[in-house]
Amino acid sequence: MTIPTDPRTGEFRRSANHFDARITADGRDGWPVEAGRYRLVVSRACPWASRGLIVRRLLGLESALSVAVADPIQDDKSWRFTLDPDDRDPVLGIKYLAEAYHAADPHYMGGISVPAIVDIPSKRLVSNDYPQITLDFSTEWTSHHRPGAPDLYPERLRGEIDDVNVGVFADVNAAVYQAGFATKQSAYDDAYHRLFAMLDALSDRLERQRYLVGDTITEADIRLFTTLVRFDSVYHGHFKCNRNKLTEQPVLWAYARDLFQTPGFGDTVDFDHIKRHYHEVHEQVNPTRIVPLGPELSGWTTPHHREQLGGRPFGDGTPPGPPPEDERIEDTDGANS
């Protein structure tokens, strides 16, 4: 895997989301919301894709939007469907996600990323714009939400949610990668200090309230959770984000456990995929490709006591039911027991 860094500064540069068409209720971009028409392609290893899995579960979009899970180990053509029979996605009929990218733009030369939404009839990529994908699930796919679906992006709180998301993206979601992929000490130092300054600020905020914005789970919590749940397994050691483990930060550890134990969160987490992807694919960081056996994961199911702060996880809604049989994750580590 080639990691794009600035040769002058040693800073990691994430590629822009080239495909940003939106699937909307009125179809204004040419892509109307339509049950069964689109396929969400994810890797369970990827934090950006995991956002889509969580929101899809919480809103009950499983029957309207099918999901394809890529192998956590990429090859030189990037994400591949080697977990499926004949190494092909059974719905799209393709071996590599890159095929959907090139169906949308035959001249595209950029990176192949997940999450990606693909139009099933044409096998063309519609969007890889991960920040917008989950917001549109909340605001454009409402006709397919389950009864009791929570409001993850309430209109009265959107300004505050957006503000929190900006900081969390820059100094948590992206900062762990900027630390891990840095090729100069100064670039690493900057990312490291920004990361832990933000984690300290978030800890102070969450010491007084159960969720980041308001008294229910919102998009902001989902975006923070997908980084926190990977922290001790990969970011602490693999990406050198090692001032503290998550388990050594009492408020954030309790907050992360609270979310993990909430239906729709922990049941989408695959620690095996997470650990194997980061340690086997990032050969620049881990040339031996050895996958660590730790950390111990059973602590994720221990009591968190966050309910003492009040709050209602789903607001006036209800928790989602169990995941569909074909989407359940085999528990090999005790975290979901």
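What volume does the second largest cavity have? The second largest cavity has a volume of about 80 Å³. A cavity here is a set of points, on a 1 Å grid over the protein atoms alone, where a 1.4 Å probe fits but cannot get out. Grid points are joined across faces, edges and corners, and a volume is the space filled by probe spheres set on the points. This is a predicted model, in which local features need pLDDT of at least 70 and side-chain atom pairs count only at pLDDT 80 or more, while totals for chains, interfaces and linings use all residues. Residues are numbered from 1 along each chain as its sequence is written, and side-chain values use heavy atoms, with hydrogens and water left out.

The lining of the second largest cavity consists of D20, A21, R22, I23, I117, S127, D129, Q132, I133, D136, F137 and W141; a lining residue has an atom within 4 Å of a point. Helix α3 (residues 130-139) is the element that gives the most to this lining, with 4 residues. Helices (H or I, at least four residues) and strands (E, at least two) are DSSP runs, numbered from the N terminus. By class, the lining has 6 nonpolar, 2 polar and 4 charged residues. Ala, Val, Leu, Ile, Met, Phe, Trp, Tyr, Cys and Pro count as nonpolar, Asp, Glu, Lys and Arg as charged, and the others, Gly among them, as polar.

In total, the structure holds 3 cavities of 30 Å³ or more. The largest cavity has a volume of about 100 Å³, and its lining is made up of R44, L53, R56, R57, V67, V69, D267, T268, P323, E327 and I329. The classes in the lining of the largest cavity are 5 nonpolar, 1 polar and 5 charged.

The second largest pocket is an open set of points with protein on both sides within 12 Å along at least five of seven lines. Its volume is about 290 Å³. Of the 17 residues that line this pocket, R44, V67, V69, D326 and E327 lie nearest its centre. Strand β2 gives the most to the lining of the pocket, with 4 residues. By class, the pocket lining divides into 7 nonpolar, 1 polar and 9 charged residues.

An unreviewed UniProt entry places the feature "active site" at C46 and Y177. The two positions are spread over 132 residues of sequence but cluster in space, with a largest C-alpha distance of 12.0 Å. UniProt positions are given in the numbering used here, feature names are shortened, and annotations may be inferred rather than shown by experiment.

C46 sits in the loop between β1 (38-42) and α1 (47-59). C46 counts as buried because its relative accessibility is 8%; buried means under 20% relative accessible area, exposed over 50%, and partly exposed in between (1.4 Å probe, protein chains only). Leaving aside residues up to four places away in sequence, C46 touches V114 and R230, where contact means heavy atoms within 4.5 Å. Y177 is found in helix α5 (residues 175-180), and Y177 is also buried, because its relative accessibility is 8%.

The protein chain is divided into domain 1 (38-144) and domain 2 (155-314), with bounds from an automatic or database domain assignment. Taken over C-alpha atoms, the domain centres are separated by 23 Å. The contact between the domains takes 23 residues from domain 1 and 27 residues from domain 2.
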